[in-house]
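Hi,

Here is the structure I said I would pass on.

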Amino acid sequence: MPVVIGFEGSANKIGVGIVRDGEVLSNPRRTYVTPPGQGFLPSDTARHHRSCILAVLQEALHEAGLKPSDIDAVAFTKGPGMGAPLVTVAVVARTVAQLWGKPLLGVNHCVGHIEMGRLVTGAQNPTVLYVSGGNTQVIAYSERRYRIFGETIDIAVGNCLDRFARVLKISNDPSPGYNIEQMAKKGQKLVELPYTVKGMDVSFSGILSHIEDVAHRMLATKECTPEDLCFSLQETLFAMLVEITERAMAHTGSHEALIVGGVGCNERLQEMMGIMCQERGAKLFATDERFCIDNGAMIAQAGWEMFRSGQVTSLEDSWITQRYRTDEVEVTWRD
């Protein structure tokens, strides 16, 4: 039963998780929160990660009740993500692996989300909707690869929500998307927004441009409330995501859908996906914020699967990359 420690820091979350044979032993994380109306810059985010990564590492070991000698391998996020934060975490992971004399495992961030979702929910072979601040993809497994059936052709759904939150000066604590979700629950009027599905792909930049353009005018003339705008944006974005997921399920003949990524813990998205699955006679799998938001345990779990199948990353190949597609990874641990 190998024990793998995982380091995640591809965006504004820094997390260290420890996994042993399908059991999450610890999973602490910290979030870099910026003032309302502002996003997080790579250099500032990396500085935040550097300031607390060793404390999070100590917390993970303490929570798991383990010593460095108990760890069998060190996994880290190789990409995709923001350059400076990725480098910060990779340097620490490489240092720890060399100090402890343990093998390294460079993990694809997206595959980490999928493996964590499969572990926590027990989904066998689902069609995956991966939705986060940096990624939007519909994925299914085939012949040792996670194949991308559809994706955003511009910005990610989480990025769209985050940038709209800046327009309304919505708080970033605990996250812009969570606060939009709470406001959307009070919305009553559906404002018509562009709906852009192109085959299996989606586009969000036009919706964002449109709502940014009309928001202040509509609010000033009291045509709608901020809550109405949050409600309308969510309904439109999520309807597009449900449509392409259903199309992928029809194509693959799948009877399971799994939502992963930070946006995946949105209860309204889960509700809409649940209705679609019910109508298809399929089953929906989703997780809560402990596991769908970026965390160290998901990197540890994907690393555990890699390690178990004989994969390791040499020091020379332990560089990071901001662009690392889900379907570039050879999935050696699944039939």
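Let's start with a hairpin: S7 and S8 form one, with four residues between them. Strands here, like helices, are DSSP runs numbered from the N terminus (at least two residues of E for a strand, at least four of H or I for a helix).

Before you go further, this is a predicted model, in which local features need pLDDT of at least 70 and side-chain atom pairs count only at pLDDT 80 or more, while totals for chains, interfaces and linings use all residues. Residues are numbered from 1 along each chain as its sequence is written, and side-chain values use heavy atoms, with hydrogens and water left out.

Back to the strands. S7 covers residues 127-131 and S8 covers residues 136-142, and the two pair antiparallel over four bridges; pairing takes at least two DSSP bridges between the strands. S7 also runs parallel to S12 (residues 256-260), again with four bridges.

How many of the five residues of S7 are buried? Five of the five are, where buried means under 20% relative accessible area, exposed over 50% and partly exposed in between, using a 1.4 Å probe and protein chains only. Thr127, Leu129 and Val131 point one way, and Val128 and Tyr130 point the other.

Next, two single residues. Isoleucine 71 sits in the loop between H1 (42-64) and S5 (73-79). Its relative accessible area is 0%, so isoleucine 71 is buried. Beyond four places in sequence, isoleucine 71 is in contact (heavy atoms within 4.5 Å) with Val3, Ile5, Ile18, Leu61, Leu66, Trp100 and Lys102.

Glycine 112 belongs to helix H3 (residues 109-121). Glycine 112 counts as buried because its relative accessibility is 0%. Not counting residues up to four places away, glycine 112 touches Val107, Met298 and Ala302.

Finally, a helix pair. The axes of H7 (residues 226-252) and H8 (residues 267-280) come within 10 Å and cross at roughly 35°. Those axes are lines fitted to C-alpha atoms over the stretch in contact, with angles from 0 to 180 degrees between N-to-C directions. The residues making the contact include Phe238, Leu241 and Val242 of H7 and Leu269, Met272 and Met276 of H8.

Happy to talk any of this through.

Cheers
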